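This report describes how two chains meet and how each of them is built. The sequence and structure are shown first.

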Amino acid sequence: MPRNLSYQAKSLLLVLLLLLAWWFTPVLFKRWTSVAFQEFQAPTWTALSYLRDLRSYWSTRSHSKSDLIEAGVDMARLNAAYALRNQQSDHLETEIRRLEDFFNMPSYTEHRYEVARVIRRDLTAWWQSLVIRKGMNYGIAPGQAVVFSGGIVGRVTSVGAYTATVELISSPKFRSAAHFEGDNRPVEFRGGNNPSLKAASGFVATVPADIKVELKAPKRLTSSRLGGTFPDGLTLGWVYHMDASPDGLFQSGKVMLDPRLKSVREVAVLVPLESRDEEDLQ
Amino acid sequence: MTDNGRLSIIFLLNLALYFIAGELNVFASNWAIHFHIDALLVIFFGIYLNRSSSVILVALMGLLADSVHPAPMGTYFAGYLFLWLFFVWFQRRLQRHNQSHIRSAAAAGQALYIICLSVLLSKGQFTHLLYWNRVLTDLLLSTLLVFLLSWPWCQFLKRMLHTLGWNIEAQMSPR
């Protein structure tokens, strides 16, 4: 290196050299480095999330006994309601099986719910993602659907040994098939641009012109199994207003997503079970 | 303690700051805000430490950030190296003991970094007002945070090095 170069010029050359080395590094090695660094960080993020849980535990412990009794009574009521709904669900399940056998139809993909805590949230202008505390160790794989009590959360994009990354439905890159409640025609849903200090939103397009929504009578946009990721009928968001396209054939509009999406602490991953036909074959 | 040992401690402290920032963003996400503190993670390496040791540590920090962000591979690696270069270049103009210089350099570096990412990662959102609204909010809040924390953070690391037997203020700036 010439001696008359300044400290800054030498630094620039060093950076260019490093970038050149990075450029020529095989992709496989880069991928391996990325996974290695991700796995290196995972235990710390997990430990931090456990600390958060511990803090939440101690703050809950400070509640008075009467608060806890009240919460217990509410839980008992909810349990009773869910027990009743389980019975109805069992009955409907039996009915579906009977009809499937009768019409010789292929069965729907069934899922088990893998509940996981959220350990990291990255909600930026460029991407919106969560990291959850379960990964390959619980059979989670890329592409699986993630849900919570308010509906769809997103889909798993990458999986580590003990953690998984979920792309939120509010992420600008998110795309999915959807349909309006009570209407089976597919529409296109995609994540939106999300301003700060406001609830997340998405965008719906290719909506048939005969579907009407009003501010006082919004329509629920639900997931569609057409994409192969999500089951039918889970809430994506609510549409309050739509604009017709210039040719008048379709409409598009903003989808208001659940405001709890940006503070969700626990989600469930839908891990597909083997279909009943495969089970029967075995 | 050897110089390598001291540098490792500085790197670990930066790593701790990196995790604290992640935790801060978990809370900030409740209001749909994201704090970017990349300049804070790089400034001490760029302004106070020598080139050969600091560039490796900055590259490592870049690889760490790269692995957890869904940006194209190498974005943060290259970004952190250029941010480091920005601070190295700033050494020609700033005085290391002047807190206004350090704070301004950190804030300018952070703002520039967010603007570069916003342009590179916009992908079809470049003309959307909402996108720039979000970027601007994050930029203002992150730059303010970096402006407030950069001087205390550098002071803390300098004192830490001093405690470990390395008086960095007594060294000449390599500019």
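In this predicted model, 42 residues of chain B are in contact with 37 residues of chain A, two residues being in contact if their C-beta atoms, placed from the backbone, lie within 7 Å. On the side of chain B that touches chain A, at least two residues each come from α1 (3-28), α3 (51-68), α4 (75-90) and α6 (129-163) of chain B. Helices (H or I, at least four residues) and strands (E, at least two) are DSSP runs, numbered from the N terminus. The largest share of that side, eight residues, is supplied by α3(B). By class, the side of chain B that touches chain A holds 23 nonpolar, 12 polar and seven charged residues; Ala, Val, Leu, Ile, Met, Phe, Trp, Tyr, Cys and Pro count as nonpolar, Asp, Glu, Lys and Arg as charged, and the others, Gly among them, as polar.

Residues are numbered from 1 along each chain as its sequence is written, and chains are lettered from A and ligands numbered from 1 in the order in which they are written. As the model is predicted, local features need pLDDT of at least 70 and side-chain atom pairs count only at pLDDT 80 or more, whereas totals for chains, interfaces and linings use all residues.

Axes are lines fitted to C-alpha atoms, for helices over the stretch in contact, and angles run from 0 to 180 degrees between N-to-C directions.

| Helix pair | Angle | Axis distance |
|---|---|---|
| α1(B) and α3(B) | about 25° | 11 Å apart |
| α2(B) and α4(B) | roughly 50° | within 8 Å |

The angle makes α1(B) roughly parallel to α3(B). Angles under 35 degrees count as roughly parallel, over 145 as roughly antiparallel, 65 to 115 as roughly perpendicular and the rest as oblique. The crossing of α1(B) and α3(B) is right-handed, a crossing being right-handed if the near helix is turned clockwise from the far one by less than a right angle, and left-handed if anticlockwise. B:Leu7, B:Phe11, B:Asn14 and B:Tyr18 of α1(B) make this contact with B:Ser53, B:Leu57, B:Met61 and B:Leu64 of α3(B). Its residues comprise six nonpolar, two polar and no charged ones.

Helix α2(B) is oblique to α4(B), and the crossing of α2(B) and α4(B) is right-handed. Residues of α2(B), including B:Val42, B:Ile43 and B:Phe45, meet residues of α4(B), among them B:Tyr80, B:Leu83 and B:Trp84. That contact has 10 nonpolar, one polar and one charged residues.

Chain A has four helices and 12 strands. Its radius of gyration (taken over C-alpha atoms) is 24 Å, well over the 19 Å that the globule rule gives for 282 residues, so chain A is more spread out than a compact globule; the rule is 2.2 Å times the number of residues to the power 0.38.

One closed barrel of six strands, with antiparallel pairing, runs β1-β2-β5-β4-β3-β12 in chain A. Strands pair if DSSP finds at least two bridges between them. Seven bridges join β1 (residues 111-123) to β12 (residues 266-272) of chain A, and A:Arg112 has A:Val271 in β12(A) as its bridge partner. Helix α2 (residues 27-61) of chain A lies across β1 and β2 (128-132), running at about 95° to β1(A).

A closed barrel of six antiparallel-paired strands also runs β6-β7-β8-β11-β10-β9 in chain A, with a twist that averages 40° from one strand to the next. Within chain A, five bridges join the antiparallel strands β10 (residues 235-244) and β11 (residues 250-256), and A:Met242 is partnered by A:Gly253 in β11(A).
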